[in-house]
Amino acid sequence: MTKSDKKGVRGEFSRRGFLKRAAIGAAAVSSEKLLKGEKAEANSDGFYPKTNTSPAEFDFTQQSGALQPDGIVDSACQFCNSLCRLKVHVKDGRIIDVLGEPDDPVQAGGLCVKGPMMTQLAYNRFRLKSPMKRVAGEKGSPDAKFEKISWDEALTTIATKFLALRDAGEARAIANKTSGRLPRGTGSLVERFFTLLGSPNNTDVGPVCNDAGGNALAWTFGLGNFTNGYGLDGATGKEDLGTAKYFLFLGTNQAETQPVTFAYLLRGRAKTKAKLVVVDPRLTPTGAQADEWIAPKPHTDQALILAMLHHILANNLHDAAFVKKWVLGFDELKAHLLKSGYTAEWAEKVTEVPASKIKQIAEEYARAKPAAIFCNAGISHQLNAFDIYRTLAFLAAVTGNIGVSGGGCNFMHNTWPGGLNLPPLQGKVPKIDIALPVGPDYFAESILTEKPYRLKAIVTEGNPLLASANTNKVKAAFRQLDFYTYTGLFMEEAAYYADIILPVCSGFEMETVYMRRDDRAIRWQKQVIPRLGESKPDWEIWIDLAHVMAKLDKQNHPEYWTANFPLEWKDYRQLWATFVKHTPGMGGMTQERMSKRAEPLRWPCPSLDHPGVSTLFLDHPSWYKAAEALNPKNKGKRFLTPSGKIEIYTLALQNKLAPAGHNALPVFFTHPEVTGKHPTIEYTNEFVQNPVNPQALTRKVKLGGISSEHKDYPLMGTIGRPSVVHFAGVTQWTYTGKQMNGIRQIQIHPKAAALAGIKNGDAIAVESPRGAITGTALLWEGIREDTIFVPNTFGPLQKMAEELGTPYYEPANILLDDRFYDNLSGQQAYKCFACRVKKV
């Protein structure tokens, strides 16, 4: 350990540096132990490995004229759902330092490496500073030419196109796709705009994120959110998730995706001695902290969970009293599982996890009270994601691990706020057609095939050229798209397909509510520095666009737009106050209250004297008050389903799911490119109403056909975040992001590498039936021999690569087949594709 690893901040030990080591460096020691069958030993803070670091004695920034800040501004990090407060130190109007919040007991002063990288979004020579229009070059060409224009010209161009399509009876041909980078409430303004316009296609980021978990929670418990809370529960005065006695992690690598809240869990675990079981095809820094790492075949988690349920119910390990009082459909579930033969021995053949191990973790989970389930994209990005999450909810329900502190179904990113309510619309709005099928790639399908109809104008607040599956197909679609508006911080790949480009602000350039903690908690963040150039926050762009529509719309009086988009909403404080007034369960979440708090505030929080709900469905007066505030019909209900109970099976659920090809009781099927022969899915050409997203169509499916072997592509690939350094594509535009992790390191088992003649550090190509990408071989014993891991978020036009001398890469999603997705939630199957590797 170097001296720099021991630096103090303001005379105290730097938790920021410590968390960096915990998230990036510590995994090497622990993973080495796990690979040898040993358990890593934690220190008193819950981090691995033990170190001999001690606080620095001196802080030489004290009384430094250059480094003493003029002020400290409370902002927040936008890079993950740990939602760290950032104490931004400003000198002469410039940011000179970024520290964590020591008075938040969950954050505990910590930051991961990404927190200070927020500054590199603000001070970045590649930032977009003014609106632009295309003047020359083919769509998608890096040689395309754009010229600066005014905001008035840009918005007038967009409004003119939208109105022309609407007046031609093609309002449904206009679409928008939001992303996770948006300030909260922007989606509500987009929805309002599209309702006035008459288009149903205002879509969100969910299908490339984690919608399926929220969908499953809502169908089972009545509310689609992460169920438990980090830190102290203000209603009970006790820790919530910090009291868990057992952690079951499936498809979640929190050491790299939510490192600060994961550190909180580890600190609690050091006290409770809770067992941590991590289920993941590869060993990650999260698995390095585990008591047990279990590596099933990719896309077979459902078989593992079904077998756990089967073992628990066959041996009467369920919580009989809880089930009798609160669960509907238990008898049907038990009969179904026993009849289907979903035994541990059956699951061993599918997952390659020993039956004895499946039985062991089933018994441990059932007997531990309380036990908490955590999941993330590793589950969400499977084509049976809705069904997997429902089955996990059943697992928690039958063991009585829902509605209890320290337990729950903590399906990450299913947080809040989702929809924030605005006042009822004024005026008569047009009839809305049914939306395109929910899914991250249906825009491309619509443009290329015109089925069920063709999109002609799109706005995005993200980068579909990185996010969407089957990138080459997406490129072809956007080349044929009539009109495209890109909004963003940088000239990302998608921007080169745009007709109009709009610059937006980074997080430090606005006062707002931005990112959310997984447990439904939010912070108020203050503006730190002025906006860069002519950039605007997204909510202002949509309000301004509505006012331009008012000037040009020949069918409606100007008030049709202006009354529904008052200019005072451009002041985010006034917009937020409007949300608080009109959104159920939000009465206590005022800007004034949140600004005074070191900790974020959890929803539901119906009044100023309410502490905010930590444990959803807790049998406690604070929950019942919050539930009634969400809807008066919830009065007296513990679970917010029609029955007031947990709904595993009802005839109504079955009748809703059957037309789309699904069942209320879980059946096993998997991706057709999983090696071996397994029950899989077939997509028909019949469009039906989506039972989970009833505003949209979906393809009906048939389940149970047997998959075929892929002999030419013998490996299974899975895609995910490169490391703790990155969050989506935006961090690839920062100096630190490219400097620390600018090489795409493709993890491959040494035995698989040897068969292909590949050595560590070789340049390699990964090929699938859709295309090929390149990277550097990272021989990794902590991955299944039949699986490779390909980091995503890399793109061919990330100009920071030139600054650092790192390669340009094609998007990893070139390898994926967009035909395979969850037809209920819309989740794309990023976690499995047939592939092969070769040296280049």
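**Helix packing and strand pairing**

In this predicted model, helices H9 and H12 lie roughly antiparallel to each other, because their axes cross at roughly 170° and angles over 145 degrees count as roughly antiparallel. H9 spans residues 301–314 and H12 spans residues 344–351. Their axes come within 9 Å. On the H9 side, the contact is made by Ala 303, Leu 304, Leu 306 and Ala 307. H12 contributes Ala 344, Trp 346, Ala 347, Val 350 and Thr 351. By class, eight of these residues are nonpolar and one is polar. No charged residues take part in the contact.

Strands S3, S4 and S5 form an open sheet. The order is S3-S4-S5, and the pairing is antiparallel. S3 (71–76) and S5 (94–99) each have a single partner strand, so one side of each is left without a neighbour in the sheet. Both therefore stand at the edges. From one strand to the next, the twist averages 35°. S4 covers residues 85–91 and is joined to S5 by five bridges. Within this pairing, Lys 87 has Leu 99 of S5 as its bridge partner.

Strand S6 (residues 132–136) pairs with S7 and with S20. S7 comprises residues 145–148 and runs antiparallel to S6, with four bridges between them. Arg 134 stands opposite Phe 146 of S7. S20, at residues 500–503, also pairs with S6 in the antiparallel sense, over two bridges. Here Lys 133 stands opposite Ile 500.

Notes: Residues are numbered from 1 along each chain as its sequence is written. This is a predicted model: local features need pLDDT of at least 70, side-chain atom pairs count only at pLDDT 80 or more; totals for chains, interfaces and linings use all residues. Side-chain values use heavy atoms; hydrogens and water are left out. Axes are lines fitted to C-alpha atoms, for helices over the stretch in contact, and angles run from 0 to 180 degrees between N-to-C directions. Angles under 35 degrees count as roughly parallel, over 145 as roughly antiparallel, 65 to 115 as roughly perpendicular and the rest as oblique. Contact means heavy atoms within 4.5 Å. Ala, Val, Leu, Ile, Met, Phe, Trp, Tyr, Cys and Pro count as nonpolar, Asp, Glu, Lys and Arg as charged, and the others, Gly among them, as polar. Two strands pair if DSSP finds at least two bridges between them.
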